[in-house]
Amino acid sequence: MNNTALQTIVAKSLPALSGESLTYSPSRNMFVTPGYTCASGNTYFKAIRFSDHLVVYYDLSLGYKYTFLNGIKLFCFDGQKSNFIAQKCWNGDDWKVFSEQFAKEQSILMLKNFLEGQLKIQGSYVSEQEIYLYARNMIEETQRKQLA
């Protein structure tokens with residue numbers, strides 16, 4: 001994905017980030033925003049992964065020893081605009097050290113719960129296992145390498 005295409009997608013799908021300077025971190029396989037450092041020395045930044053229809057948005061902080069996962073937001077993208085799907089936050093007594101596996105599993109569960117709710121609203125039934133596998137595949141699409 002070239003830089004112009006990325007800027008267009010970000011401006012349409014996440015307008016709050018359209019003024020931010022995103023860079024791709026090959027080592028983390030995600031786009032990251034510049035961080036800001038608070039008085040206590042922690043650096044806060046956003047990390048974003050895209051697929052054609054899904055945006056996974058991590059709120060992260062870099063402490064003196066660990067990177068912490070402060071929250072995850074999911075958005076669906078229809079090519080024109082984004083729609084908020086779900087959010088989960090950790091703070092206070094339940095801080096989470098960032099782990100790719102934990103973040104992936106939480107994202108899958110968030111998307112699964114959303115899909116279950118949509119199916120229920122429509123009066124449709126799909127097995128929990130099928131919904132989980134579908135959600136996992138969608139999250140894994142966001143984790144594929146974006147740039148060579």
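Reader: What kind of crossing is it where α2 passes α3?

Author: It is right-handed. A crossing is right-handed if the near helix is turned clockwise from the far one by less than a right angle, and left-handed if anticlockwise.

Reader: Which residues make the contact between α2 and α3?

Author: Contact means heavy atoms within 4.5 Å. On the α2 side, the residues include Lys104, Ile108, Leu111, Lys112 and Glu116. On the α3 side, they include Glu128, Ile131, Arg136, Ile139 and Glu140.

Reader: What are the ground rules for the model?

Author: This is a predicted model, in which local features need pLDDT of at least 70 and side-chain atom pairs count only at pLDDT 80 or more, while totals for chains, interfaces and linings use all residues. Residues are numbered from 1 along each chain as its sequence is written, and side-chain values use heavy atoms, with hydrogens and water left out.

Reader: What makes Glu140 and Lys104 a salt bridge?

Author: A salt bridge is a side-chain nitrogen of Lys or Arg within 4 Å of a carboxyl oxygen of Asp or Glu. The closest N and O atoms of Glu140 and Lys104 are 2.8 Å apart. That is within 4 Å, so the pair qualifies. Glu140 lies in helix α3 (residues 128–142) and Lys104 in helix α2 (residues 100–122), so the bridge ties together parts that are 36 residues apart in sequence. Salt bridges that share partners also join Lys104, Arg136 and Glu140 into one network.

Reader: How many salt bridges does this rule give?

Author: The count comes to five. Lys112 takes part in two that I can name, one of them with Glu116 at 2.9 Å, N to O. Both residues lie in helix α2, four residues apart, about one turn of the helix. Lys112 also bridges to Glu128, with the closest N and O atoms 3.5 Å apart. That pair links distant parts of the chain, with Glu128 in helix α3 and Lys112 in helix α2, 16 residues apart.

Reader: Is Lys112 buried or exposed, and how do you know?

Author: Buried means under 20% relative accessible area, exposed over 50%, partly exposed in between (1.4 Å probe, protein chains only). Lys112 has 7%, so it counts as buried. Lys104, at 17%, is buried too. Glu116, at 25%, counts as partly exposed. Glu140 is partly exposed, with a value of 25%. Glu128, at 53%, is exposed.

Reader: Why is Gln106 called buried?

Author: Its relative accessible area is 11%, so it falls under 20%. Gln106 sits in helix α2. Leaving out residues up to four places away in sequence, Gln106 touches Ile72, Lys88 and Trp90.

Reader: What makes a set of residues a nonpolar core?

Author: The set must be buried Ala, Val, Leu, Ile, Met, Phe, Trp, Tyr and Cys residues joined through side-chain atoms within 4.5 Å. The largest such core has 25 residues, and Tyr58, Leu69, Ile72, Leu74 and Leu111 have the most contacts inside it. Its largest share, six residues, comes from α2. A second, separate core of eight residues includes Phe31, Ile48, Phe50 and Phe75.

Reader: What counts as a helix or a strand, and how many are there?

Author: Helices (H or I, at least four residues) and strands (E, at least two) are DSSP runs, numbered from the N terminus. The protein chain has three helices and eight strands. Their order from the N terminus is α-β-β-β-β-β-β-β-β-α-α.
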